[in-house]
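Hi,

Here is the model I said I would pass on.

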Amino acid sequence: MSTPVIRIQDLATRFGEVWIHNGLNLEVARGELVSLVGGSGSGKTTLLRQVIGLLLPNRGSIELFGEPLFGGGIARERALRQRFGVLFQHGALFSAFNVFDNIAFPLRELKRYDEDAIHDLVMLKLSMVELLPRHGRLMPAELSGGMVKRVALARALALEPELLLLDEPTAGLDPDRSDSFVRLIRMLSEELGLTVMLVTHDLDTLAELSTRVAVLAEQHILAYGSTDEIMHIDHPFIRNFFLSERSVRALQHSGHVPV
Amino acid sequence: MSVARIELIDQKDGRLVRLSGRWTLATTSLRVAELAAELERSAQGNSTWDCTALETIDSAGAMLLWRAWGRAFPQVLLIRPEHRRAFERIDTADHEPRLMPPPLSPLHGVMVIGSASVGAIRHLLDFVALVGQFGLNLAHVFRFPADLPQREISANLYKSGVRAMPVTALVGFLIGVVLSYLSALQLKQFGADIFIVNIIGLGLVRELGPVLVAVLVAGRSGSAMTAQLGVMRVTEEIDALATMGVQQGLRLIFPKVVALTIAMPLLVLWATSIALVGGMVSAQLQLDISYGFFFQTLPRVVPAANLWIGLAKGAVFGMFVALVACHFGLRVRPNTESLSSNTTAAVVTAITVVIILDAIFAIATRGIGLPG
């Protein structure tokens with residue numbers, strides 16, 4: 001068994017007086033597509049931001065690819081950060097750059113490629129997320145919600161990451177767009193052999209995309225397993241989340257039959 | 001981690017290029033130029049490419065090979081199907097319609113000048129419209145006093161007036177000291193010590209006080225107003241207000257302009273008084289002019305008209321600083337670059353407008369309040 005891509009051990013987070021996480025453990029193996037679900041305010045996004053290294057937990061350790069996030073000098077930290085890409089909920093595109101420059105930015109930061117090679121790589125990334133070369137000239141403010149997500153995905157993939165972290169990838173997209181975006185993520189993750197961890201509310205996304213589901217409730221990972229396994233767990237939160245009328249429809253639609 | 005390797009094997013029916021190791025961005029990016037050159041050499045002539053020993057290849061590695069192959073599959077290529085996908089993706093991307101830069105018109109130069117002038121005219125028209133809107137809002141408030149946005153005016157008075165008091169006091173005091181000190185050095189030579197009161201009094205009350213405060217307020221409150229309106233535009237808050245039937249002119253711009261028009265004369269009065277104190281202290285130390293003498297002489301040598309001129313300037317400067325700031329705030333487009341350039345433009349324009357207005361005041365009031 002190789003080292004897990006993400007290993008979270010005994011994590012605890014406190015905001016003021018409130019414990020968000022306490023004794024949280026999670027391991028994500030290579031090639032998995034893990035959905036992180038949980039109620040509002042259960043600390044899903046907080047956990048994701050801790051994995052990225054934007055927030056520090058109060059206690060516990062987070063390792064990516066078997067290495068700690070911090071320490072060991074700038075060069076090591078930067079090399080580690082190049083091994084994962086992040087898709088923020090609202091895209092977080094640089095509003096002063098056009099689409100092309102947004103995707104080219106991480107490549108230019110490497111300072112290894114000439115402009116010709118960067119151009120080729122950006123065009124490839126645009127085509128991978130099913131955008132056209134002419135979209136490269138648009139500014140982020142001119143893009144529709146779905147295109148913003150695609151451009152952000154292309155930028156997250158620019159440095160050929162092994163791990164992709166997605167925060168609410170389908171939030172704010174209509175069902176049709178969100179379907180095609182989910183399909184795109186699944187196709188790319190299969191082709192590029194990515195490990196994916198996503199935070200979502202959307203059961204359609206979850207059922208379509210994930211190989212495993214991690215349920216975050218009561219300050220720790222309540223359950224971790226395939227969608228079918230999770231659905232058979234008898235717990236009030238899981239019952240509410242998965243077996244509400246809406247959820248049943250979504251899950252049946254994608255071939256999972258709830259009890 | 002194994003690096004990207006290239007082996008050249010000469011066979012009797014041509015050359016065999018065997019690639020092995022990891023061809024990923026992480027392994028290739030450190031020696032892109034070297035690898036590209038080596039591949040270029042290997043691609044010459046009729047080579048057979050053996051990629052079966054590749055561990056992994058990603059888009060960046062594939063792109064390196066693809067460029068060496070002249071953007072097409074080589075005639076003989078041995079490769080595992082899962083690795084072939086990386087090249088097929090690039091092939092698909094290559095067949096997308098190319099990104100053509102729009103052709104440059106022969107009249108490009110004329111168009112640049114033309115669009116710049118149209119832009120400048122539009123700027124001016126927008127500003128006139130803003131002033132007009134303010135006038136309409138003012139008339140509206142006189143007819144329907146209940147619509148007066150009191151809370152906003154009061155909040156703006158506090159933000160741009162009260163909170164500006166410490167900094168204007170500090171700057172005013174120091175300017176008073178400096179001005180007095182420099183004048184004292186000159187006046188001593190002529191034995192005209194007592195004229196220090198005239199110089200400081202007239203200079204500060206009529207000229208320096210209002211301009212100084214206007215420059216400070218333009219940098220402090222003007223930029224804040226532009227940034228606030230700009231961000232409200234970016235986050236669509238202004239649109240939200242409009243859908244609730246709230247007039248942006250009356251609720252956002254009117255209170256800012258009114259508040260600054262009221263606050264500025266008061267700040268001018270405050271800063272000028274402190275500056276006079278600074279001048280008085282310095283005069284006492286330098287020229288031994290007593291505080292009592294200073295107080296007695298000041299009203300005699302600086303007619304009250306100068307104070308009114310100073311306060312009037314303050315009001316007008318305040319109004320224009322706020323109008324200019326709002327004008328640029330409403331022009332912010334939803335990106336960070338536009339926000340920063342408009343905030344800069346707002347402050348620079350506001351200060352320039354203040355100086356121009358000051359010159360106009362100087363000419364218009366040249367016969368008023370000057371002794372002799």
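Leaving out its neighbours within four places in sequence, Thr24(B) is in contact with Glu160(A), Thr56(B), Asp58(B), Ala60(B) and Gly61(B). So that list has a residue of chain A in it as well as residues of chain B. Do keep in mind that this is a predicted model. Where does Thr24(B) sit in its own chain? You will find Thr24(B) in the loop of chain B that runs between strand S2 (14-23) and helix H1 (25-28). Despite the loop position, Thr24(B) is buried, because 20 other C-beta atoms lie within 10 Å and 20 is enough to count. Ala4(B) is worth a click too: 20 residues separate it from Thr24(B) along the chain, and the two C-alpha atoms are 8.1 Å apart.

On to the contact between the chains. Chain A puts 22 residues into it and chain B puts in 23. Which element gives the largest share on the chain A side? That is helix H4 (residues 115-128) of chain A, with seven residues. Sorted by class, the chain A side has 13 nonpolar residues, four polar ones and five charged ones.

Now chain B as a whole. It has 13 helices and four strands. Its radius of gyration is 35 Å, whereas a compact globule of 372 residues would come out near 21 Å. Along the principal axes, the C-alpha atoms of chain B fill a box of roughly 110 × 60 × 45 Å. As for burial, 35% of the 372 residues of chain B count as buried. If you take the contacts in chain B with a separation of 6 or more, 85% of them come from residues 24 or more positions apart.

Over in chain A, there is an open sheet of four strands to look at, in the order S2-S1-S4-S5 and with antiparallel pairing. Strand S2 (18-28) and strand S5 (67-68) of chain A are the edge strands; each has a single partner strand, so one side of each has no neighbour in the sheet. Strand S1 (residues 6-15) of chain A pairs with S2(A) in the antiparallel sense over seven bridges, and one bridge to look for puts Ile6(A) with Val28(A) in S2(A). The hairpin of S1(A) and S2(A) has two residues between the strands, and there Gly16(A) takes a positive phi near 60 degrees. Leu64(A) is opposite Glu67(A) in S5(A).

Last stop, helix H3 (residues 99-110) of chain A. Which of its residues are buried? They are Val99(A), Phe100(A), Asn102(A), Ile103(A), Ala104(A) and Leu107(A). The buried residues of H3(A) pack against H4 and helix H5 (145-156) of chain A, and H4(A) is the helix that came up above for its seven residues on the side touching chain B. Just past the end of H3(A), Lys111(A) has a positive phi of about 60 degrees.

Cheers

Conventions: Residues numbered from 1 in each chain as written. Chains lettered and ligands numbered in written order. Predicted model: local features only at pLDDT ≥ 70, side-chain atom pairs only at ≥ 80, totals over all residues. Buried ≥ 20, exposed ≤ 12 C-beta atoms within 10 Å, placed from the backbone. Contact = placed C-beta atoms within 7 Å. Nonpolar A, V, L, I, M, F, W, Y, C, P; charged D, E, K, R; others polar. Rg over C-alpha atoms; globule rule 2.2 N^0.38 Å. Pairing = 2+ DSSP bridges.
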